[in-house]
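I opened this model to look up salt bridges, the contact between the chains and a few single residues. My entries follow in the order in which I made them.

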There are 2 protein chains.
Amino acid sequence: MSTRTSIDDVTPATVAALQKTLDGRWHTLRDEIRGREDFAELRVDPGTDVESYRAAIWDMLRRLADDGHAVHGFPAAVGGRGDIGGSVVSFEMLAFADLSLQVKSGVQWGLFGGAIQALGNAEQQARYLPGVMDLSLPGCFAMTETGHGSDVQSVHTTATYDASTGELVVNTPTESAKKDYIGNAARDGRMAAVFVQLYSRDAKRSGAGPSEQLERHGVHAVLVPLRGDDGAVLPGVEITDDGHKEGLNGVDNGRLAFHGVRVPRENLLDRYGTVAEDGTYSSSIESENRRFFTMLGALVRGRVSVSGSAVGAASLAQTIAVRYGEARRQFAAPGSDEEITVLDYLAHQRKLLPGLARTYALRFAQNELVEMLHDIQTTREAGGDVDEKRQRELESRAAGTKALTTWHATATIQACREACGGQGYLSENRLGQLRADTDVFTTFEGDNTVLLQLVAKGLISGYADDFGNLDTLGTVRFVADQVLDTVAERTSLRQLTERLRAVGPGRDEDDVLERSWQVKLLDDREEHTLDGLVRRLRPARDKSLSAERQFAIFNNAQDHLLRAARAHLDGLVLDAFVRGIDTCVDPSARALMERVCDLYALSLIEQDKGWFLEHGRISAARAKAVTAEVNRLCQELRPHARALVDAFGIPEAWIGAPIATGAETRRQDEARAHAAALH
Amino acid sequence: MSTRTSIDDVTPATVAALQKTLDGRWHTLRDEIRGREDFAELRVDPGTDVESYRAAIWDMLRRLADDGHAVHGFPAAVGGRGDIGGSVVSFEMLAFADLSLQVKSGVQWGLFGGAIQALGNAEQQARYLPGVMDLSLPGCFAMTETGHGSDVQSVHTTATYDASTGELVVNTPTESAKKDYIGNAARDGRMAAVFVQLYSRDAKRSGAGPSEQLERHGVHAVLVPLRGDDGAVLPGVEITDDGHKEGLNGVDNGRLAFHGVRVPRENLLDRYGTVAEDGTYSSSIESENRRFFTMLGALVRGRVSVSGSAVGAASLAQTIAVRYGEARRQFAAPGSDEEITVLDYLAHQRKLLPGLARTYALRFAQNELVEMLHDIQTTREAGGDVDEKRQRELESRAAGTKALTTWHATATIQACREACGGQGYLSENRLGQLRADTDVFTTFEGDNTVLLQLVAKGLISGYADDFGNLDTLGTVRFVADQVLDTVAERTSLRQLTERLRAVGPGRDEDDVLERSWQVKLLDDREEHTLDGLVRRLRPARDKSLSAERQFAIFNNAQDHLLRAARAHLDGLVLDAFVRGIDTCVDPSARALMERVCDLYALSLIEQDKGWFLEHGRISAARAKAVTAEVNRLCQELRPHARALVDAFGIPEAWIGAPIATGAETRRQDEARAHAAALH
């Protein structure tokens with residue numbers, strides 16, 4: 001198949017070049033953190049009981065705070081480094097330590113601190129952020145409710161302004177309105193940023209009965225103290241423990257309920273909407289819907305961070321599984337006592353290498369996402385203007401990338417566990433806990449299925465300004481009302497150099513290793529899927545349809561909607577991979593990455609070959625050629641598997657798993673020596 | 001698309017009929033066990049530390065022993081019930097209690113007791129089995145070594161007969177020869193059935209030096225005491241703890257090493273090979289290879305039991321996820337305050353219902369496997385003759401079914417966890433622990449990938465008598481030497497009524513709901529894949545090829561080999577489903593199962609539509625029709641999802657998970673009442 005020359009000799013210099021390329025813009029910070037040998041100590045034995053686990057993680061978090069690990073993302077004005085991308089990267093690196101520690105730090109600095117930073121005014125930032133950073137003010141991000149996870153706009157917790165005292169009264173009306181799965185709640189939190197439906201009495205109105213006078217202003221965040229300095233829970237606050245979880249047991253998740261808790265008006269995080277002393281509400285954003293999504297958009301960093309963590313966890317699991325696969329031997333070769341290294345079996349390569357290629361691809365997509373986040377939020381914090389559409393693209397990429405990376409982490413860690421057999425099941429080898437700790441990533445910070453719908457809507461609407469809310473049904477109305485005639489500038493999301501984009505789909509006579517053929521094939525699938533989706537939704541525009549019928553139209557197309565989102569994201573990720581390779585100058589590293597990129601693209605095409613065949617995009621012969629080439633690439637890359645995982649740059653001391661750090665090699669050497677002695 | 005009438009009203013009688021059909025031949029025993037309310041207490045809080053967990057499980061195991069839960073599978077002669085199928089079923093039911101308890105019981109009664117029953121002589125059975133059953137003799141099944149899991153035939157542990165004392169001397173030569181992951185080893189085991197390479201001095205030979213005189217007789221099992229009555233580890237025995245694991249932490253897995261441990265000759269389990277006092281070895285089976293696989297074949301019950309456990313765990317997870325999906329609501333319908341039940345979304349149905357259909361299919365395949373095991377082993381225990389080929393078919397079906405059921409459990413429990421969002425991550429709702437506990441099933445009792453290779457070899461060899469060992473490379477030599485001209489009686493494995501088997505592949509004009517079309521499509525794929533595999537392996541017959549070249553031929557075809565095995569198994573499972581439906585007389589239950597069977601078959605075809613299109617077996621239009629029909633079936637079956645999981649017959653008290661037993665419903669009712677009060 002391949003007409004290319006074979007891969008050049010891979011040297012330590014190649015690995016160094018690979019690593020620098022994967023590290024991306026924040027490679028210096030990554031190296032700085034890699035220097036911290038003591039990170040290896042930041043891990044808790046999985047057997048530890050919940051209370052001791054939580055206590056140990058709390059102590060480690062304090063160590064991080066003392067080391068200034070928290071400062072990266074916060075404004076210089078309050079003692080931070082003002083390096084937003086750096087905060088995401090430093091968070092990601094914690095995936096190599098303990099994921100409970102990572103998530104705990106994310107709750108404190110990313111979510112609680114991030115809410116104050118994104119939604120609070122300057123005075124509030126100056127007052128609270130120093131304590132957030134140095135951990136003197138441990139806090140919670142209280143958004144999700146037992147009854148409303150994905151549909152945040154419908155939270156039932158209320159905050160009602162009482163002009164007579166100048167206070168906001170926070171209430172939890174029902175059990176399903178309790179704030180749930182809240183990190184820092186069960187043990188350590190002293191304050192929470194609580195997302196509520198804000199009500200105030202409109203001073204301008206007159207006469208009518210009290211209930212008429214109450215006006216709802218939509219979702220806002222209010223700072224509510226939870227515990228006193230002595231750690232005792234404050235009056236009116238009710239905290240219950242979520243107890244033991246599948247993973248992340250070092251994080252003290254709990255439920256929060258509020259019974260008439262009064263806080264001063266000044267506790268409203270009011271950057272996007274405020275209540276005057278007399279109860280008058282004012283906001284720079286007229287539409288409640290847009291106000292809500294502007295606030296949510298300002299919190300996008302959390303999603304980007306989870307995505308980075310998933311990529312980090314996947315790369316750690318693959319480092320362990322590849323190293324073991326190179327040491328482990330099973331079954332003797334014919335006419336020989338020498339047993340075969342398991343990674344030499346095609347089936348084992350198939351288990352690990354396409355997943356490894358995908359981690360490379362997602363790493364580059366993640367790097368671009370972090371840069372986009374950094375540039376946009378840095379501009380905004382500097383008071384600069386950010387184009388609305390660019391902000392929406394950021395939100396869409398964050399949603400889509402997070403869905404891909406977290407599902408990939410779940411699948412690939414599982415494959416790594418199985419590839420390590422019984423050893424993979426022992427906690428000392430980390431894979432089981434990595435799986436359990438990261439499992440929740442697919443459903444927190446936005447359920448992946450809901451996030452893909454968000455991506456699809458962006459494609460349909462072309463990020464129109466009044467781009468709708470997360471309500472999946474809203475899609476139908478929105479689409480029907482406004483955008484069905486044109487599918488707006490998809491291409492604005494795809495900036496790959498034109499050399500790879502001749503018109504039309506990939507031609508069947510191209511070499512399957514032609515990057516342009518791969519790219520065009522994915523582009524073509526994206527365009528076709530999206531156009532089909534629009535056709536299927538168009539009937540919903542008929543205003544005479546019942547709500548049930550409208551729902552049916554949306555619901556019958558839901559799998560198509562999800563496919564359109566995936567098709568778009570696959571293309572986006574391939575573009576990122578290609579651009580990533582272009583940032584590397586080392587020829588042998590480039591050559592190696594080109595092959596890895598082939599393996600990524602072709603295994604993706606192989607996975608969905610049913611679609612490509614069904615839609616006449618590839619011939620049967622071509623489909624078979626793709627499979628043959630995936631096998632060939634697995635065997636071509638196998639000798640370089642170790643180099644590819646070494647390039648993740650996980651310090652030896654951090655890896656931990658005995659099977660990845662010599663134990664199996666020593667056993668094999670001893671066994672072979674013993675066998676030799678017998679003959 | 002469907003020309004059939006819609007499903008009849010589903011009543012409690014329908015559910016009862018479904019349950020009886022799913023229960024199969026042992027339905028009375030299943031009902032007997034369901035009557036045990038106290039099973040709900042047989043569960044340990046996942047947060048429990050390892051030592052307390054192990055202690056609790058030990059106490060529960062004793063309760064089971066006292067209740068006579070152990071007796072089912074053992075011979076009446078020693079106080080058992082002689083009900084082999086019943087032992088597998090009673091083991092499976094424990095999946096609804098605690099999986100650590102289940103696996104612990106499997107180690108004691110299935111593996112340790114099973115080894116004595118299958119490999120020991122009558123005297124040994126009479127001597128040891130009563131203590132095995134009443135738990136006065138807790139034991140281990142010490143087969144796997146750190147260095148040899150799948151390749152059991154190459155274990156390095158040795159037992160050398162010393163005629164001067166009439167003892168066997170057991171040794172662990174290297175670290176990788178340690179018996180590893182051995183249940184009951186770290187805490188409770190008093191004795192182990194240790195699998196060793198047996199050596200004895202051949203009395204018939206003369207003169208030569210000592211080493212020449214030592215003759216190896218291949219793998220045998222020896223009973224070795226581990227601890228004294230006081231629980232202290234005996235001299236020469238070394239036991240280390242495998243420590244905390246991803247799951248199953250109530251089972252005390254450990255490593256065993258033996259340093260010159262001497263046991264009387266009578267401790268050799270010698271049904272298939274024995275050593276006389278003078279050291280002469282004799283066996284009823286000449287070929288060492290056949291002897292090994294005969295012994296292994298006698299132990300097949302363990303694999304069948306794990307397979308049943310996987311089906312049980314999957315059905316419990318689906319019961320929880322479907323119940324929650326029917327209570328949980330998210331996002332309001334257009335123009336309404338009423339939120340949509342999540343199971344009404346097509347994407348949610350797609351997440352759960354094809355997997356549910358697959359659990360039905362695998363349940364029927366498992367039932368047939370248990371019947372086959374029961375009939376064969378019952379015949380043999382009664383001294384009857386069992387046809388060699390039937391035994392091989394049993395081993396192949398056990399291997400293949402176990403691979404499918406355990407991979408299915410891993411995938412579907414994961415899907416159920418995600419479908420339950422944050423609630424699914426809380427241990428109280430069981431899904432996380434179900435995932436962690438069952439994860440190891442895919443690699444223990446035979447690594448699934450290796451098991452599929454075993455199935456493929458059976459297909460190629462047509463179960464020729466000298467059907468080779470697990471050595472994957474052996475395949476090539478074996479195939480090359482003997483069977484490449486004919487692919488022997490595949491059909492002997494497929495006994496579906498001929499009405500479904502007209503000649504040739506499914507015709508494109510058939511309705512996709514035509515069962516005969518579905519069956520023929522799968523048959524055709526099986527035949528084509530297998531023929532292609534044989535063609536690819538044929539070159540290996542050239543004797544002049546180097547070992548490397550032979551390996552390359554095998555290795556390049558390994559993915560094809562695995563595909564052939566899956567294709568065969570898919571057909572086998574569909575046949576079992578069809579036969580299962582035929583055992584049901586209730587018309588509404590039959591109608592419902594026919595739809596479930598359609599969903600199983602069509603989602604299977606959809607998954608692999610790439611292959612069917614690539615090989616011209618279906619047209620593009622037909623492929624799209626299949627996808628449309630899968631969506632339609634999801635929506636048609638959705639109203640009956642609850643009935644379908646209720647038919648698994650898991651007693652309410654055993655389900656445990658709050659989200660599956662009313663908690664969410666209560667929350668939703670309260671929230672809706674509150675909302676109503678506001679208007």
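I started with B:Asp646, which at 28% relative accessibility counts as partly exposed, the class between buried (under 20% relative accessible area) and exposed (over 50%), with a 1.4 Å probe and protein chains only. B:Asp646 forms a salt bridge with B:Arg642, with 2.9 Å between the closest N and O atoms; the rule asks for a side-chain nitrogen of Lys or Arg within 4 Å of a carboxyl oxygen of Asp or Glu. B:Arg642 is partly exposed as well, with a relative accessible area of 31%. Both residues lie in helix 22 (residues 641-646) of chain B, four residues apart, about one turn of the helix. Helices here are DSSP runs (H or I, at least four residues), numbered from the N terminus.

Notes on the source: this is a predicted model, in which local features need pLDDT of at least 70 and side-chain atom pairs count only at pLDDT 80 or more, while totals for chains, interfaces and linings use all residues. Residues are numbered from 1 along each chain as its sequence is written, chains are lettered from A and ligands numbered from 1 in the order in which they are written, and side-chain values use heavy atoms, with hydrogens and water left out.

I then searched the whole structure and got 104 salt bridges over all chains. One of them joins A:Arg350 and A:Glu606 at 2.9 Å, N to O. This pair links distant parts of the chain, 256 residues apart: A:Arg350 is in helix 10 (residues 346-381) and A:Glu606 in helix 19 (residues 587-607) of chain A. A:Arg350 is partly exposed at 24% relative accessibility, whereas A:Glu606 is buried at 16%. I also noted a network of salt bridges that links A:Arg36, A:Asp38, A:Glu41, A:Arg63 and A:Asp67.

How do the two chains relate? A rotation of 180° with 0.0 Å of shift along its axis superposes chain A on chain B, RMSD 0.0 Å, by least squares on the C-alpha atoms of residues with pLDDT of at least 70 in both. The two copies are therefore related as by a two-fold rotation axis. The C-alpha of chain A nearest the axis belongs to A:Gly610, 1.8 Å from it.

I counted 90 residues of chain A in contact with 90 residues of chain B, contact being heavy atoms within 4.5 Å. The chains bury about 7,500 Å² between them, 54% of it on carbon and sulfur atoms; this is the accessible area (1.4 Å probe) lost on being put together, summed over both. The rule finds six salt bridges across the interface. A:Lys609 and B:Glu614 meet in a salt bridge of 2.9 Å, N to O.

My last entry is B:Phe441, buried at 1% relative accessibility. B:Phe441 is 131 residues from B:Ala310 in sequence, but their C-alpha atoms are 7.6 Å apart.

Terms used. Buried area = accessible area lost by both parts, 1.4 Å probe. Helix = DSSP H or I, 4+ residues; strand = E, 2+ residues; numbered from the N terminus.
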